[in-house]
Amino acid sequence: MKSVPRIVLTVGEPAGIGPEIALLLGQHPLPAPVLLVGDYHCLRSRAALFGLPVGLERWQEDDPWPAPKKGTLYCLDVPLARPCRPGHLDPANAPAVLQTLDRALHLLRSGQADAMVTAPLHKGIINDAGIPFTGHTEYLAEHCGVAQVVMLLAGRGLRVALATTHLPLSRVAAAIRPDTLETTLRVLHRSLQEDFAIAAPRILVAGLNPHAGEGGHLGHEEGEIIAPLIRKLQQEGLSISGPWPADSIFTPHHLEDADAVLAMYHDQGLPVLKYHAFGEAVNITLGLPVVRTSVDHGTALDIAGSGRADHGSLLRAVDVAAEIVRNRRAAACG
Ligand SMILES: NC(=O)c1ccc[n+]([C@@H]2O[C@H](COP(=O)([O-])OP(=O)(O)OC[C@H]3O[C@@H](n4cnc5c(N)ncnc54)[C@H](O)[C@@H]3O)[C@@H](O)[C@H]2O)c1
Ligand SMILES: N[C@H](C(=O)O)[C@H](O)COP(=O)(O)O
């Protein structure tokens, strides 16, 4: 019998809500201990701030995977450069935030862990520290040597994948290319089969322009790039349709026949998903050699340290990570 998935959780931007929502996991009966990766002292002081009755024990890379112990969480200590205060970003701590990702990735690649879950980090402060950074998705792709991954957010029965991720709107149209779009659709299709156990996935593809280009009068990407690619994949037997006008693709009539929607850009797809399921949705990076899930929200600096942060999405991200590990194991066994 296969073991329970071993999950590492990076606690994200220390001035944000990441450390506190990570600690709140200690209140739940999890299938196995989740290993927190972050600054031990920051986590201790955040637990004290809320009076959380949770023990925090240090764990090191050569220790055996921690055994379940009621009311106890485990922490791989990645010290910050400076003590953190909730709500106050400090660029000096940005390298340590990225180190948490590196350490988690190392645990996955060395076979010590099965999946990583990431609490939110702050992209701006990492750039302010002089480190070019667009997001976990792109960082993990680069550090795993994968040219192209796909961002998918899923919640309350809706799955939305993106053809482009953290890209200024002015560069989106040029990024919709036949080769990258084909890879995106193939990665999405395969992941729906292997990670979500959907034997014959049905994918709806949005157009880029208003009314999917209005027959070429409002844009040419649909006719020249998106539609020919969909026809090619349909001829291979894949259940992919579109390009559909993005303003009506998310209506129940369309969604009842879909396992996922591919949006062309970040703010075409994610506002719909977050309106539908904010607080319960999960961000999954498809196409990586490792399993990575995350929350559907950001660092919420405005409420960090106030006790108002909801940890529902993080809890769900842990569940989905474990589910994907189990589905991949089942797929590997045939
Ligand atoms: N997975 C990630 O690492 C991730 C995801 C999204 C955004 N971000 C980053 O977070 C930073 C801040 O982004 P933003 O301000 O656009 O979005 P945000 O999600 O941090 O905040 C938007 C609003 O939602 C509230 N909110 C967010 N999460 C909440 C929670 N768990 N419980 C209660 N209220 C919550 C906030 O208080 C705020 O009012 C940016 O740097 C962004 O790039 C990171
Ligand atoms: N695009 C995500 C969202 O809006 O929820 C978020 O920025 C996180 O992206 P990464 O997982 O790449 O950090």
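**Helix H8 in a predicted model**

In H8, the residues Glu-221, Glu-222, Ile-226, Leu-229 and Ile-230 are buried (20 or more other C-beta atoms, placed from the backbone, lie within 10 Å of a residue's own; exposed means 12 or fewer, and partly exposed in between). This is a predicted model, in which local features need pLDDT of at least 70 and side-chain atom pairs count only at pLDDT 80 or more, while totals for chains, interfaces and linings use all residues. Residues are numbered from 1 along each chain as its sequence is written, and chains are lettered from A and ligands numbered from 1 in the order in which they are written.

**Helix H8**

- H8 covers residues 221–235 and reaches 20 Å from its first C-alpha to its last, close to the expected 21 Å (1.5 Å times one less than the number of residues).
- At Ala-227 the helix bends by about 30°, and Pro-228 follows within four residues; the bend is the angle between axes fitted to the seven residues ending there and the seven starting there.
- Just after H8, Gly-237 has a positive phi of about 100°.

**Packing partners**

- The buried residues of H8 pack against helices H6 (172–175) and H7 (178–194) and strands S8 (202–206) and S9 (239–244).

**The whole chain**

- The protein chain holds eleven helices and twelve strands (DSSP runs numbered from the N terminus: helices are H or I, at least four residues; strands are E, at least two).
- Buried residues make up 46% of its 334 residues.
- Along the principal axes, the C-alpha trace spans about 60 × 45 × 35 Å.

Notes:
Contact = placed C-beta atoms within 7 Å.
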